Amino acid sequence: MPFWHYYLLKYLDLLDTVFFVLRKKYNQITFLHVIHHAGLCLILNSVLPHVYKAVAYYPLLGFTINSGIHVIMYTYYGLAAFGPSMKKYLWWKKYLTIVQIAQMFVIIVYMMVGFLTACEEFGSIEKMAFSFAALNFVMFVNFYKKYKKD
């Protein structure tokens with residue numbers, strides 16, 4: 001995939017925020033949502049100029065996995081938009097946050113293995129991407145804990 005597609009994919013991910021606003025579902029625009037999407041855009045703009053250097057591949061792996069997760073989420077949103085008659089087919093809603101947590105865990109472990117085996121250097125872009133993945137992991141776990149209580 002040409003690397004400019006990453007810009008397109010990540011900025012298309014912001015459409016869920018637009019749909020939340022249009023549907024007046026402001027409660028879905030959480031701190032986690034804003035930090036996750038804004039942070040991904042900031043990191044993307046920092047990473048893509050370095051795309052032909054090895055330094056950009058950790059974040060691009062994360063963006064690729066994250067885009068796949070968003071396809072799953074948007075499939076859920078699309079099916080849910082058909083109304084209550086679809087509810088029986090949406091039993092997997094409770095697993096969406098678990099999949100997001102797993103995604104962050106995989107990215108963090110992948111990066112840690114690269115750093116610990118000295119296969120990859122731990123430069124400023126990697127530190128930024130690693131910190132962002134760790135922050136998102138913590139925020140998604142906290143969101144999941146809160147969601148489980150409700």
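**A chat about helices and a pocket**

Q: What is the chain like over residues 128–144?
A: Over residues 128–144 the chain is 100% helix and 0% strand, with its end C-alpha atoms 24 Å apart; helices (H or I, at least four residues) and strands (E, at least two) are DSSP runs, numbered from the N terminus. This is a predicted model, in which local features need pLDDT of at least 70, side-chain atom pairs count only at pLDDT 80 or more, and totals for chains, interfaces and linings use all residues. Residues are numbered from 1 along each chain as its sequence is written, and side-chain values use heavy atoms, with hydrogens and water left out.

Q: And where does UniProt put the "transmembrane region" feature?
A: The unreviewed UniProt entry places that feature at residues 29–48, 60–83, 95–116 and 128–144, in the numbering used here, with feature names shortened and annotations that may be inferred rather than shown by experiment. Over residues 60–83 the model is 88% helix and 0% strand, and the end C-alpha atoms lie 35 Å apart.

Q: How many residues does H5 have?
A: Helix H5, residues 96–116, has 21 residues and reaches 30 Å from its first C-alpha to its last, close to the 30 Å expected at 1.5 Å a residue, where the expected span is 1.5 Å times one less than the number of residues.

Q: Which H5 residues are buried?
A: Among them are Leu96, Gln100, Met104, Ile107, Met111 and Phe115, where buried means under 20% relative accessible area, exposed over 50%, and partly exposed in between (1.4 Å probe, protein chains only). Seen down the axis of H5, its buried residues fall within an arc of 160°, so they line one face of the helix; the arc is that of the directions from the helix axis to the C-beta atoms.

Q: Why does His70 count as buried?
A: His70 counts as buried because its relative accessibility is 3%. His70 lies in helix H4, and its C-alpha atom is separated by 9.2 Å from that of Gln100, 30 residues apart along the chain.

Q: Switching to the largest pocket, which residues lie nearest its centre?
A: Phe20, Gln28, Met73, Tyr77 and Phe143 lie nearest the centre, out of 34 lining residues. On a 1 Å grid over the protein atoms alone, a pocket is an open set of points where a 1.4 Å probe fits, with protein on both sides within 12 Å along at least five of seven lines, and lining residues have an atom within 4 Å of a point.

Q: Which helix gives the largest share of that lining?
A: The largest share, 7 residues, comes from H4.
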